[in-house]
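Please find below some numbered remarks on the model, meant to be read beside the coordinates. They begin with a sheet and the helices that cover it, and then turn to individual residues.

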Amino acid sequence: MGSLNNLTEHLETFVDVTRSPTHHAESLKAIASSLEKGVLSINQLVVEMDMYLTTTDDVVRARGILLLAEILNHLKSKPLDNAVVHSLIAFFTSKLEEWRSLRGALTGCLALLKRKGVAGVVTATDAEAVAKSMAQNVQVQSFALHDRKLCFELWECLVEQYPEAMINLGNLIVFATCEAIDGEKDPPCLMVAFHVVELLARLFPSPSGPVASEASDLFEFISCYFPLHYTHTKGDEASIPREDLSRGLSLAISSTPFFEPYAIPLLLEKLSSSLPVAKVDSLKCLKDCAVKYGVHRMKKHYEGLWSALKDALYSSPGRDLSFGPEFLTSPGFEMDEIHREAADLLQRLVKQDISFLGLVVDDIRVNMVFDTISRYSRYEEMPDTSKLEVLVVSQILSVSARASVDSCNIIFQTFFFRLMNTLGIVETTSTGDLVHKENSTVSTRLYHGGLHLCIELLTASKDLIPSSEESSSTPGSAQQSWCSIVNRFSVPLIGAFTSAVQSSNDDCSADAYLGVKGLLAMGMFRGGSSPVSRSEFEKILTTLTSIITAESAKTVKWELALKALVCMGSFIDQYRESEKAMSYMGIVVENLVSLVRSSQCSLPYPLILEATSEVCSTRPKYVEKMVQGFEEAFCSSFSDFYANGNFKSIENCSQLLECVTNKLLPRVTEIDGLEKSLVHFAISMWNEIESSFVFSYDFNGREFVEAAMKTMGQIVGVALVDSQNSIIQKAYNVISSSTLPAMESIPLTFAALEGLQRDLSTRDELTLSLFASVIIGVSPKASIPDVKPLIKLFMVSFLKGYIPAAQALGSMVNKLGTGSGGANISTDCSLEEACEIIFHESFASGNTISSDDSSKSKCGSETLLSKICLGFYGSLDLQTRAITGLAWIGKGLLMRGDGRVNEIALVLMECLKSSNSSGNAMHPSAMKHAADAFLILMSDSGECLNRKFHAVIRPLYKQRFFSITVPILESLIVNCQTPLSRTMLHVALAHVISNVPVTVILDNTKKLLPMILEGLSVLSVDAVDKETLFSLLLVLSGTLTDTKGKQSVSDNAHRIIECLVKLTAYPHLMVVRETAIQCLATLLELPHGRIYPFRREVLQAVTKALDDPKRRVREEAIKCRQAWTSITSRSTPV
Amino acid sequence: MTLGMINANPVVQARKERLARTQDQYRDDDGLDPLDIYEYVRDIRDPEHPYSLEQLSVLSEDSITLDDKLNRILITFTPTIQHCSMATIIGLCLRAKLKECLPLHYKVDIRVSPGSHADEDSVNKQLNDKERVVAALENPNLRQLVDECICSTEM
């Protein structure tokens, strides 16, 4: 009984209109769920609700009925007895008569009608009764929006689910629909209404049916919405977008052929309007109609359609051909939406009925174009009207030709001969010779307009060639008559296009563009039935290749030809044209590759490389060939350099390496087999270095060494482990045969290091750098021979100032296996041992000054390396190198999460103090290096120790380092004595803070914000720290915008504003000023009371910034100033 | 009673593309130039119509001349019709907007272009009279109108 009490309570709640909607929803949910669970049956509910459903109080009754309806809406999938459904639908049907409870009645009917199969459905008879009652009693247009929408949905549901019952109603339902739609203005309702019309049309397809007889009325009611125009655009954003509604309307209009006598004239009329939207909508709708109404009905409107189409095509303004390489594969001019739709419609009409083409072929304007063409030879000379004429006609013809094979045949038969005639191109006679008319050379009659038209036609027709399987099944020669026409003209056409390209000069790109595009069009016919024979295809390739090789600079012609070749290459690859691929290989690829090899060409070397790499990347086979060519080219240039001292060769080498790095390496995953060829390339690089015993000519080849390092490192990075091993082995052999191993034997003592004054020879430097880049790139799984001597070698080298050696050492300690159970068994040295060498053993052994050997297991300040860092021994140079080296080693350890990095950090921080533990003052330069070491430790390096180079990266390593170092740095700053040391500590802190993920900062804003602000003011003193300052400022701006940092930002508002105001005048870096002003604008999000006191200060600063020498700063200042004045303007007028 | 519009049917031009400054332009010669000033004022709304001054051809790129040495700026605008009583409001808007955007050391002169207004001299005089400008902007109604016009929402 308790449930019943509850029920009454819920009922009362729902019926009471003074309660909030959430209460209503809750009680509805409660009742529905108890029905769902079976605690309550529908019958019980109805009995219980009796009073609410029949009371004379209109409001309560309406709510009661609505409640019942909503409950049924929730129970759509619950099986109900058919009798129950019947009595319920009868009840709701009867309530349709009563306008007060209409909402409930509609919702109820809809809920019951939408029930699916098993759950108990409404019978057809009942549905018919609903429809009748709707038609007789419901005046749709007198209700509010929501009720109207329900009405339309009810109609939609009835027509969709009970077609037989509705057919019985016949005229009645069509009338009712007309009446319901009449005057409707809301998009959501219209969307449904249009669908109802569409469904009705489907329901009554017979010519004697009610839709056919009422077509004119029905059409009148929907056509008045065309073209759709929204008067209220704002605030209605949640409702139906215009495009959807317009699509719905178009479907309704095209729903039945009976609308044809009314629709087509209307659409043609709207097409002639000046409103672009009306044009686009009409064209779209006409396309739908053409499909649905059928050829027979459309036929009588052809004349009108054709003239309207022409108008639409001619009227869209602002079109002009552009001759850039980027337009080589597109029509060459911009099309607006009207134009696109018109072209679509034309194609649709021609495709559907070939007789439409008759209008096109006989059109005077289309035929006139041939006179226009022959009047002007150059495109620039044409007046705008003629240009338009040529462009539009060529589009009309190409679109029609594209529609079907038949249309293409007709167009070619009608126009192509005339076109050729105008251009003075004569077909090949049976013997294959050209017949020249009256000695006129072809080149004199290269009309640009004609060429354009010709190209468009050829491009359109090439899509009609069936793929090879299809063509073999339907060998209809008549079908392919256009093909034979093209075939007859192919030789002279190619000749004409070639001469167009060749006659072009630099100031006129039209010739080159049209010529190349023409050749491209001729070269892109696919399959065995292509109208262009293989020898002609080869001729095209030869011409294009010769354009590339003959130029001496990067001209438009050159770019066009290259683009065309790339297009053809990828076309061949796409359609697997094996014969053409062979021609391509023989003519294009081999030619270019041999140019790379010989480098004896007027074309600058970088351009040869560019062309070769672009062309060859179209097919894996070509790539293989190219890498081979590159390899040979590298070897010959390099040996040419060291044997003959040819500096040009070494320059070529670096360019070649750059090309490999930038063009080939990024595509290694796309192209099969590229990895293998590149590894081979790397090994031949080593071979070449091995065989060059002595450089007879010294050179200042920084550029070459860098390029070589980059290429080598990246090749190793992408190579598989086995290939890496072979490269390492090769490199190790070269290294061990060089003079470098001598360095290993130098005892790592202070005195010995001091003695190393001699610089490395050029060759040794190259070998060392390349070897370092190999080590940097290898994966942890690769095996490195003789690690211990190598570590010593790198130690010595980095102390002599070779940074790559330090990076390689960092990579080594990052990737070495730990102890005996490490991941890496193949190397002979564990991480422990490596650290031992670096930090202790050999250093300490020769160390006479400090004989303290007790701290064997540490790598802290007791080691020699640390002592050099702290300036106990040696020169300043040695000290700074040691600091940088230590940083790279530390980075390697840090990334793998090794604890030793903490001690390294402590040493570095010791260097930042003004004086070390024994009282010696630190040199400013050493301090600077120590501060920058934190940047090395924290930042992501592109040169080594990243994912590309297989670094071991432990998650959250930056966070860990941050939490260790920041507290120490903070306390050091607090206790710091000299301003220099203070600045340096702040630089270090800024490096740590600005490289850690921003979430970490946000979690500690409260603690960090004062430090950041102090850092900003300290760093703003010296111009040297401008970049650091900027990255720190970015961190600050990150905290300003985030909700997490809001509280502490608000607390520190005065200090932040003070600091930012100062930075708006920072003279050394524009972005700092810009960001500071942006930050000031962001601060306006803080509570008004917090910032209001500072308005004067800020406005003053920003007003000064209005006069900034940099435009971007001024723009920001204006925005910021407007924002800040807006919080004050109400009280003080400007 | 609502008064009729001064110019009920103005000719409206399409909005021009924003001038995209390339990075190069940002780098070299970054001083204030007439185009900058044009950028500031082009979006001021006409007091009568929901169009910008640029759309109504009241202003164009050529209407602004700048003398950097003397720190002087001259803006010449063309009212849509000869007897436009809105000319002074437009001038006031220009002045108010530029006051927001320019540093203080520039002297701004605002004129209607010669022959474009029936009462050219008096309008010019009124627009360049400091006291009258300040007085006009103290009038709350005028101030509100001007603020609405210059509050460019970056259409």
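1. Axes here are lines fitted to C-alpha atoms, for helices over the stretch in contact, and angles run from 0 to 180 degrees between N-to-C directions; helices (H or I, at least four residues) and strands (E, at least two) are DSSP runs, numbered from the N terminus.

2. The model is a predicted one, in which local features need pLDDT of at least 70 and side-chain atom pairs count only at pLDDT 80 or more, while totals for chains, interfaces and linings use all residues. Residues are numbered from 1 along each chain as its sequence is written, chains are lettered from A and ligands numbered from 1 in the order in which they are written, and side-chain values use heavy atoms, with hydrogens and water left out.

3. The pairing of β1(B) with β2 (residues 72-77) of chain B is antiparallel and extends over four bridges, and B:Asp67 stands opposite B:Arg72 in β2(B).

4. Also in chain B, helices α3 (residues 87-101) and α6 (residues 140-150) pack at an angle of about 65°, with their axes 9 Å apart. This makes α3(B) roughly perpendicular to α6(B), a class that covers 65 to 115 degrees. From α3(B), B:Ile89, B:Leu92, B:Cys93, B:Ala96, B:Lys97 and B:Glu100 meet B:Leu142, B:Leu145, B:Val146, B:Cys149 and B:Ile150 of α6(B), contact meaning heavy atoms within 4.5 Å. The residues of this contact divide into nine nonpolar, no polar and two charged (Ala, Val, Leu, Ile, Met, Phe, Trp, Tyr, Cys and Pro count as nonpolar, Asp, Glu, Lys and Arg as charged, and the others, Gly among them, as polar).

5. Chain A has 58 helices and zero strands, and buried residues make up 56% of its 1134 residues (buried means under 20% relative accessible area, exposed over 50%, partly exposed in between, with a 1.4 Å probe and protein chains only). One buried residue is A:Ala252, with a relative accessible area of 0%, placed in helix α14 (residues 242-253) of chain A. Leaving aside neighbours within four places in sequence, A:Ala252 is in contact with A:Phe194, A:Val197, A:Ile222 and A:Phe259; A:Val197 is 55 residues away in sequence, yet 5.9 Å away in space, C-alpha to C-alpha.

6. Some backbone geometry in chain A deserves a look. Most residues other than glycine have a negative phi, and most peptide bonds are trans. A cis peptide bond joins A:Phe226 and A:Pro227, with omega about -10°, and A:Pro227 lies in the loop between α13 (215-223) and α14 of chain A. Phi is positive, near 50°, at A:Asp786, which is partly exposed at 32% relative accessible area. For A:Leu956 phi is near 60°, and this residue counts as exposed at 54% relative accessibility.

Note on methods
Angles under 35 degrees count as roughly parallel, over 145 as roughly antiparallel, 65 to 115 as roughly perpendicular and the rest as oblique. Two strands pair if DSSP finds at least two bridges between them.
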